[in-house]
Amino acid sequence: MTLTALGIAPDQCLIAGHWVAPANGARLVLSNPSDGTALCDIARGDADDIDRAVLAAQGALAGDWGRGTAVERGRVLARIGQLVLENVDALAQLEALDVGKPLTQARADVIALARYMEFYAGSADKLHGETIPYLDGYTVYTLREAHGVTGHIIPWNYPMQIIGRSVGAALATGNACVLKPAEEACLTALAFGELAMRAGLPAGALNVVPGLGAEAGAALTAHPGVQHISFTGSVGVGKLIQRVAAEHVVPVTLELGGKSPQVVFEDADVDAALPFLVNAGIQNAGQTCSASSRILVHESRYEEVLSKMADRYRGLQTGPALADLNVGPLVSNRQKEIVDGFIAQGSDLEIAARGSIVADAPAGGAYVAPTLFAGVAPEHTLAQDEIFGPVQVVIPFKDEDHAVAIANGTKFGLVASCWTKDGARQMRMAKKLRAGQVFINNYGAGGGVELPFGGTGLSGHGREKGFEALYGFTTLKTVAAFHG
Ligand code: ADP
């Protein structure tokens, strides 16, 4: 397929409904992580392009988009979702080439994007304020209003899903968006913008400006015309964004990753758990904020779980995205170096098993064989730091309190799960685990768009996904009318 199959201009920005060259004419090279070759040039947008995009968004708010009704917003989102589905193959190919995702996983992301559009289309006209009983002679009610211009800074690991959950909810509530995709992967963000235009989204309601984080990203965060920032990415950049946004007292939603545990108790159905234990660690080559990188196992089942996980690991194949194996390359060779560095830090540990890299995987690709470490101390770097690669550690525990202490013993708190048949223990664990999402006898629940998502601690704050996101993308106005 050609990169322009969806009508995108890969080396341009999408501003005010038009494909436009970056003001400074600068470009970046996008590479294919499966073989390290150059895919195409992309725009290296900077502060001037962000400024144009914010102006376009303000224009949309002052025009048809801002005046539109919730029903109309819902309808246009539904049409976008439909177009996304009609182009599932082209979008999946684009994502596979750009991010290195095995095609099946890329396809699942497209379907999730369409589902976000469907969900937020349906929710647009169902978000409403309340009336509040008050003093005699008053009628008091609340209005949920759009922030205005919202900035969306997204990473390269799940571009389509993150666009779906953040831009979808922001548009449903009547904001106008400026989207800054990651410099490593921005093609599906551009394609989404094109499809949104074709679906009839008014010009300027969604603008896409690719570029570097320190340039376009920083300019978007600091722009005085932006009223809300939604960021998904690293802890370091998240802290920076919160500091910069504080300058204008702009609210931020930060989703910064995790070190999410699955806790396997002595009464767990291990065979039912097994696919979740492994897949949650290696999906998208472990480059998932909600990856489960720590597997905590009661000591009575430790050897069994370890050997069953190791068997699965030995069957995992890593190779080019289009070969559609279990695991694709990492997004870049830079990311591969980081992950290889972590694996090297485990030289004092036992490697229980590794998957394989297929023999014909191109030498320039960013491949890392999935790696399972055994008997890891909870305080070890590999059990504390987010690795963002196909690496999991297995940690034994003695009893429930010990499991909770280990599970909660990192600076993160995004997702956690427990595997047990004991109903009382399920309820206790759900309360005790420090995480924005807790799963019982599953992990991720299929990632449903309905499920509010976000973290605590270094995992960030604010919630995206589900109906909850609509509150984050709106501000509440209280109206008190005195009529005597
Ligand atoms: P990763 O290390 O996984 O690439 P980052 O946090 O660096 O994650 O990147 C996530 C997103 O944040 C990308 O779109 C990137 O361009 C952007 N970004 C990076 N640095 C900054 C910054 N200083 N200000 C705003 N955005 C940034």
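In this predicted model, E255 makes contacts beyond its neighbours within four places in sequence with R165, F231, T232, G233, C289, L414, F453 and S459. The residue belongs to strand β11, which covers residues 252-255. Its relative accessibility is 3%, so E255 counts as buried, the cut-off being under 20%. A polar atom of the E255 side chain lies 3.2 Å from the backbone nitrogen of G257.

Y120 is one of the residues with the most contacts inside the largest nonpolar core, together with V84, F192 and L206. That core holds 92 residues. Helix α5 supplies the largest share, nine residues. Another core lies apart from this one and has 53 residues, including V270, L277, L306 and L433. In soluble globular proteins, nonpolar side chains tend to be buried together.

Helix α4 spans residues 88-99. At 1.5 Å a residue, its 12 residues should span 16 Å, and the end C-alpha atoms are 16 Å apart, so the two values agree. Of these 12 residues, 10 are buried, and α4 is therefore largely enclosed by the rest of the structure. The buried set comprises V88, A90, L91, A92, L94, E95, A96, L97, D98 and V99. Their cover includes strands β3 (27-31) and β4 (38-43). It also includes helices α3 (70-86), α5 (103-123), α6 (159-172) and α7 (187-198). Just after α4, G100 adopts a positive phi of about 90°.

Technical notes. Residues are numbered from 1 along each chain as its sequence is written. This is a predicted model: local features need pLDDT of at least 70, side-chain atom pairs count only at pLDDT 80 or more; totals for chains, interfaces and linings use all residues. Side-chain values use heavy atoms; hydrogens and water are left out. Helices (H or I, at least four residues) and strands (E, at least two) are DSSP runs, numbered from the N terminus. Buried means under 20% relative accessible area, exposed over 50%, partly exposed in between (1.4 Å probe, protein chains only). A polar contact is a pair of N or O atoms within 3.5 Å; within protein, one must be able to donate a hydrogen and the other to accept it, and residues adjacent in sequence count only if both atoms are side-chain atoms. Contact means heavy atoms within 4.5 Å. The expected span of a helix is 1.5 Å times one less than its number of residues. A nonpolar core is a set of buried Ala, Val, Leu, Ile, Met, Phe, Trp, Tyr and Cys residues joined through side-chain atoms within 4.5 Å.
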